[in-house]
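User: I'm new to this one and would like to learn how to read it feature by feature. Could you show me the structure and walk me through it?

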Amino acid sequence: MTKKISALILGSSMLLAACTSVPNQAPVVDRHVASSSKPAPVVEPAPPVVRDERGMYTVKKGDTLIRIALEFGQNYRDLVSWNNLSNPNDIKVDQVLRVLPPDAVAGSGVQTGAIAMPPVDKPVPVVRKSEPRGDKKAYSEAALAELQRPDGAKPDKPGSKAGAAAGAAAVAETVVTVPAPAPAPAPAPAVEEEKLSWMWPADGKVIATFDEGKNKGVDIAGKAGQPVVAAGAGKVMYAGSGIRGYGNLVIVKHSNSLLSAYAHNRSIVVKEGNTVTKGQQIAEMGDSDTDTVKLHFEIRQQGKPVDPSRFLPNR
């Protein structure tokens, strides 16, 4: 009895131990599928840069017609004419203006075409009949030569030297000489800028020199009312105060590509269209649109400011 009870207790203990033991668990494998990477954001292409065609300019904020003309070395009246402007003071932002003469944009190249040569008449071969010499033939040089040929002489074959010479002579007689076209007239020589004579536009101390990034010319100190003279001979293409920052301004055109500008004057003594000589007074020095009495002097080549010291004599 005691053995049975012991065996029963032992069996119960083993069963209880089996139930309370921690089973071996299979390792947990993370089978999470990584989400696919997000597509790259679509980058909108940058808008294409709008470039003006040659000889055209798009008006920007703050532009005036006179300033545009100065930047391109043109007379503002020409810009009015080329663009059919009824009011030169009324130009709009993004308006496209022609800033070069229409004929300059089109170009001045001379176009030439092929000359059609007249067709050369080929000599018609003479068909010679083997008939008795007594046949009557129409009068011709060939018929006469044949009649005068001694008996037994054979006519010239097409490939013989005599036949070739005769054919060449016939071709030469039919060639029409076409006179060569007359050469196009040479363009008038431009004004030689190297021969332009320059002088300083005013007496006084240079208080600011040319700096392409900061100062587009030279500044000359002086007294109010002091004479301002043309630095070279030319024609007044502008006289007024239409460009902000320049005050009373005079612009003189010296050649197709060179002009000079005289700013901050107290008064102007010339008018647009006047022809001036080197050293002729064009204004009185002043302080219009600036804080001190001075002359701001520029030389522009094809509208671009250049260092006046390249042209003015040493002082």
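User: Which helix gives the most to the lining of the largest cavity?

Analyst: The general idea is that rolling a probe the size of a water molecule over the atoms shows where empty space is left. Here, helix H2 gives the most to that lining, with three residues. A cavity is a set of points, on a 1 Å grid over the protein atoms alone, where a 1.4 Å probe fits but cannot get out, and lining residues have an atom within 4 Å of a point. Helices (H or I, at least four residues) and strands (E, at least two) are DSSP runs, numbered from the N terminus. Before we go on: this is a predicted model, where local features need pLDDT of at least 70 and side-chain atom pairs count only at pLDDT 80 or more, while totals for chains, interfaces and linings use all residues. Residues are numbered from 1 along each chain as its sequence is written, and side-chain values use heavy atoms, with hydrogens and water left out.

User: How many cavities of 30 Å³ or more are there, and what lines the largest cavity?

Analyst: There is one cavity of 30 Å³ or more. About 40 Å³ of space lies in the largest cavity, where a volume is the space filled by probe spheres set on grid points joined across faces, edges and corners. Its lining residues include Ile66, Leu70, Tyr76, Met237 and Ile251. Helix H2 (65-71) and strand E6 (234-240) each supply at least two residues of the lining.

User: Which residues have the most contacts inside the largest nonpolar core?

Analyst: Think of a nonpolar core as a set of buried Ala, Val, Leu, Ile, Met, Phe, Trp, Tyr and Cys residues joined through side-chain atoms within 4.5 Å. Buried means under 20% relative accessible area, exposed over 50%, and partly exposed in between (1.4 Å probe, protein chains only). In this model the largest core has 24 residues, and Val250, Tyr262, Ile282, Leu295 and Phe297 have the most contacts inside it. Strands E4, E7 (248-253), E8, E10 (281-285) and E11 each supply at least two residues of this core. There's also a second, separate core of 23 residues, and Val80, Met237, Tyr246 and Ala263 are among them.

User: What is Val250 in contact with, leaving aside its neighbours within four places in sequence?

Analyst: Contact means heavy atoms within 4.5 Å. With those neighbours set aside, the partners of Val250 include Val236, Tyr238, Tyr262, Ile268 and Ile282.

User: What about salt bridges: how many does the structure hold?

Analyst: Side chains of opposite charge can pair when their charged atoms come close. We call it a salt bridge when a side-chain nitrogen of Lys or Arg is within 4 Å of a carboxyl oxygen of Asp or Glu. The structure holds eight salt bridges. Take Glu272 and Arg77, with their closest N and O atoms 2.6 Å apart. Glu272 lies in the loop between E8 and E9 (275-276) and Arg77 in helix H3 (residues 76-82), so the pair ties together parts that are 195 residues apart in sequence. At 25% relative accessibility, Glu272 counts as partly exposed, and so does Arg77 at 48%.

Another pair is Glu284 with Arg266, at 3.0 Å between the closest N and O atoms. Glu284 sits in strand E10 and Arg266 in strand E8, 18 residues apart, so to speak distant parts of the chain. Salt bridges that share partners also join Glu71, Lys216, Glu298 and Arg300 into one network.

User: Last one: is His264 buried or exposed, and what is its phi?

Analyst: Most residues other than glycine have a negative phi. His264, in strand E8 (residues 258-268), has a positive value, near 70°. Its relative accessibility is 6%, so His264 counts as buried. Gln302 has a positive phi too, of about 55°. Gln302 is in the loop between E11 and strand E12 (304-306), and its relative accessible area of 64% makes it exposed.

How values were computed
1 Å grid on protein atoms, 1.4 Å probe; cavity = no way out; pocket = protein on both sides within 12 Å on 5 of 7 lines; lining within 4 Å.
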